[in-house]
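Hello,

I am handing over the structure below. My notes on what was found in it follow.

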Amino acid sequence: SKKDDEQRYLEVRNLPDAAKGYTWFKPYSHIANVKNTAFFGLRSGEKRWAVVETQTEAEAAALVKELDNADLGDGLIAKANLIPPEEARRQLPKLKERPPDRPDARRGAGNDRGGPRGGPERRDFRRGGRGGRSRSR
């Protein structure tokens with residue numbers, strides 16, 4: 001489709017370590033509606049970069065203009081450029097729409113507190129941080 005051929009994708013290089021997810025682009029939301037991101041170089045010592053999908057070609061171009069040669073602090077100067085859709089899809093094999101925030105998605109085990117699953121042994125390992133989600137399924 002026509003939308004698939006649009007230049008809505010950009011690559012941003014030399015990102016700071018704080019850039020780990022699409023929320024890093026929130027300060028630029030007045031310029032572009034970031035639909036999707038994939039971050040690379042997340043290990044220590046690797047160069048951090050990202051592929052970004054915006055809603056429209058104009059937004060992608062505006063974001064490139066804003067970010068290219070931007071001083072990101074710590075001596076990092078961003079490099080940003082548009083990339084062809086087919087290259088973006090190659091970089092982002094799992095490029096999917098970000099799921100809409102579903103209010104019921106997080107509740108999970110919490111809504112049956114009195115039942116057998118909400119017992120104290122569950123609550124105990126939940127205190128260890130991450131909500132125990134990965135282990136409980």
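**Helix α2 and its surroundings**

Asparagine 69, which follows α2, has a positive phi, near 65°. Helices (H or I, at least four residues) and strands (E, at least two) are DSSP runs here, numbered from the N terminus. This is a predicted model, in which local features need pLDDT of at least 70 and side-chain atom pairs count only at pLDDT 80 or more, while totals for chains, interfaces and linings use all residues. Residues are numbered from 1 along each chain as its sequence is written, and side-chain values use heavy atoms, with hydrogens and water left out.

Helix α2 covers residues 57-67, and its buried residues are Glu59, Ala60, Leu63, Val64 and Leu67. They fall within an arc of 135° when seen down the axis of α2, so they line one face of the helix; the arc is that of the directions from the helix axis to the C-beta atoms. Ala58 and Lys65, on the other side of α2, are exposed. Buried means under 20% relative accessible area, exposed over 50%, and partly exposed in between (1.4 Å probe, protein chains only). The cover over the buried residues of α2 includes β1 (9-15), β2 (34-40), β3 (48-54) and β4 (79-83), where contact means heavy atoms within 4.5 Å.

**Strand β3**

Seven of the seven residues of β3 are buried, so this strand is largely enclosed by the rest of the structure. Arg48, Ala50, Val52 and Thr54 point one way from β3, and Trp49, Val51 and Glu53 point the other way. β3 pairs with β1 in the antiparallel sense over six bridges, and leucine 15 stands opposite arginine 48. β2 and β3 also run antiparallel, joined by six bridges, with valine 34 opposite threonine 54. Two strands pair if DSSP finds at least two bridges between them.

**Aromatic rings**

The whole structure holds four aromatic pairs. Rings of Phe, Tyr and Trp (its six-membered ring) pair if their centres lie within 6.5 Å; planes under 30 degrees apart count as stacked, over 60 as edge-to-face and the rest as tilted. The ring centres of tryptophan 24 and phenylalanine 25 are 5.1 Å apart and the planes are at 90°, so this pair is edge-to-face. For phenylalanine 25 and phenylalanine 39 the centres are 6.0 Å apart and the planes at 40°, so the pair is tilted. That pair links distant parts of the chain, 14 residues apart: phenylalanine 25 is in the loop between β1 and β2, and phenylalanine 39 is in strand β2. Both phenylalanines are buried. Ring pairs link Trp24, Phe25, Tyr28 and Phe39 into a cluster.

Regards
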